[in-house]
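Q: Hi! I'm new to this one, could you walk me through it?
A: Happy to. Let's have a look together.

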Amino acid sequence: MKFSISPAPLAEQKKEALVVFCQGGEILLPSGSAGLRKQLAALLKNSAFKGEPGQVAQLPLNGKQVLLTGIGAAKYFHNGLLEQAAAAAIKAGRAAGLKTFAMASTLTLEGVSETDYQLLAGRGAAWGTYEYATFKTSAKKSAAATLTFAGPVEDRGVIKDAEAQGAALVGTADLANMPGNKATPTAIADWAKTMAKENGLTCKVMGETELAKKGCGGILSVASGGAEEARMIILKHKGTDPKAKPIVLVGKTLTFDSGGISLKPGKGMEWMRYDKSGGMAVLTAMQMIARMNVEVPVVGILCAAENMPGSKATRPGDIVTAYKGKTVEVCNTDAEGRLALMDALGLAVDMKPRAIVDIATLTGAVIMALGGSAAAVLGNQPQIVNELIDAGLTAGERLWQLPIFKDYSDNMKSDFADLSNISKTPGAGTATAAAFLQEFVPEDIPWAHIDIAGTAWLESPKPHQAPGATLFGARTLAQWVASQD
Ligand code: BES
Ligand code: MN
Ligand code: ZN
């Protein structure tokens, strides 16, 4: 979606549709749009529109369409609702055949700065144009839409950033939604190479021979049951000081997770094509980081593999060796994400990073804990966890901390290897998985883990997006990395 800036107030914009945010019954417009606010208030009397999250009303006014979109009551507000309200308005407007949109360049909302608003609203608007239609043979491409920010803009760079971030999200969504037979580890590696070239990143791909030579026994054990070869995909953003220590972002990229020999139940297994969502968030964040010219060097690592049963598959009880030598007894082949991630974390540690963040659809348990409302964040130092939570609040993605108690590590002791890939004790699945990962990162490197199993995709339609990948985490990672400059 192309963005532009126009100094005239919203009501004077010659566009097909004007997007107006509403906090419950309150119409959020800057003082320069008092006239428009009055007209809308009159139209809204006796209307069913209550400004609830997800509610959109289309009102004809002076030959244009006004799209009122709700962010709900102040009491329940979080930044994600603003981004979603923008997306819902554009999605509804596009469904009504509208192509040119304008919204106010500023709005007064407690806790939301001018630049936060522009980033959230712009990014949301772009996301609202996205449609996953790759495999709909009768799909017609909707015409391109434009968005104008009406009124004064203090920092025009933010509008550029919002446009770039929107493009990164929309540009990655087709890959993120692609099924396992299309988005294979090799296909994702090829996609990453092209993307890197277009964005001034470097991309190195390790195949199975190189992974075997390096001793990456974790990811190889995950991929061994299926026909698809594993790939370790390493993207680099140089930053301005090549000697500075990099930030490393690691994404679980399981192109399909059947569970392996510890096979999952059939019901709902089709959603396991989204087990690559951590990697998709990293791919998206890397594009955002590149296009925003972030100063710190940043590395993105995607451990891509498919978890299948088969005659060469890892068996429960098999012992595998992680990169750098730790041995792991694989008691459940469905706890595969941590096996792929342990090798990727080892490679990340080799880069002497200033910090590591991994992101993964790692445990069903996080859905029990938080549902689709927040991701879990856990780490080895409070500062990095707090920074990520803050970045998430700004970026409209909620993260909630869970603890890594030593008990969880103790419960993964194995009688036959250095550790087991599952706990002997039931419960605390998300924290146990994090405790496992923590074993592969030295204490003095700030590290955090984000579990997005509950937030990475939608299974039913919402006003702001159709079922499919949300790319949850990309916005937070980009926000956090940029805050490290
Ligand atoms: N990819 C799954 C986790 C998952 C479950 C993501 C549901 C999204 C929705 C992961 O590989 C897995 O299977 N985890 C197991 C771990 C268990 C065997 C210790 C789980 O959560 O059941
Ligand atoms: Mn699994
Ligand atoms: Zn998995």
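Q: Which residues are closest to ligand 1?
A: This is a predicted model, and in it the closest ones are Lys264, Asp275, Asp334, Glu336 and Gly364. They belong to a group of 17 residues that surround ligand 1.

Q: What does aspartate 334 do there, in terms of distance to an oxygen atom of ligand 1?
A: A polar atom in the side chain of aspartate 334 sits 2.8 Å from an oxygen atom of the ligand.

Q: And which polar atom of glycine 364 lies by ligand 1, side-chain or backbone?
A: A backbone one: the distance from that polar atom of glycine 364 to an oxygen atom of ligand 1 is 2.7 Å. Threonine 361 also uses a polar backbone atom, which is 3.3 Å from a nitrogen atom of ligand 1.

Q: New topic. How is the protein chain divided?
A: Into domain 1, covering 2-146, and domain 2, covering 169-483. Their C-alpha centres are 34 Å apart. In the contact, domain 1 takes part with 21 residues and domain 2 with 22.

Q: How much area do domain 1 and domain 2 bury between them?
A: About 1,800 Å², with 62% of it on carbon and sulfur atoms. On the domain 1 side, the residues that lose the most area to domain 2 are Arg123, Trp127 and Tyr130, which together make up 35% of what that side buries.

Q: Why give an area at all?
A: Because the accessible area lost when parts come together is often used to state the size of an interface.

Q: Which helix supplies the largest share of the side of domain 1 that touches domain 2?
A: That's α2, with seven residues. Both α2 (79-95) and α3 (114-128) supply at least two residues of that side. By type, the residues of this side are nine nonpolar, seven polar and five charged.

Q: And how many salt bridges are in the whole structure?
A: A search finds 16. One more pair to look at is lysine 160 with glutamate 163, whose closest N and O atoms are 3.6 Å apart.

Q: Why are lysine 160 and glutamate 163 separated by about one helical turn?
A: Because they are three residues apart in helix α4, which spans residues 156-177.

Technical notes
Residues are numbered from 1 along each chain as its sequence is written. Chains are lettered from A and ligands numbered from 1 in the order in which they are written. This is a predicted model: local features need pLDDT of at least 70, side-chain atom pairs count only at pLDDT 80 or more; totals for chains, interfaces and linings use all residues. Side-chain values use heavy atoms; hydrogens and water are left out. Domain bounds come from an automatic or database domain assignment. Contact means heavy atoms within 4.5 Å. Buried area is the accessible area (1.4 Å probe) that two parts lose on being put together, summed over both. Helices (H or I, at least four residues) and strands (E, at least two) are DSSP runs, numbered from the N terminus. Ala, Val, Leu, Ile, Met, Phe, Trp, Tyr, Cys and Pro count as nonpolar, Asp, Glu, Lys and Arg as charged, and the others, Gly among them, as polar. A residue is near a molecule or strand if one of its heavy atoms lies within 4 Å of it. A polar contact is a pair of N or O atoms within 3.5 Å; within protein, one must be able to donate a hydrogen and the other to accept it, and residues adjacent in sequence count only if both atoms are side-chain atoms. A salt bridge is a side-chain nitrogen of Lys or Arg within 4 Å of a carboxyl oxygen of Asp or Glu.
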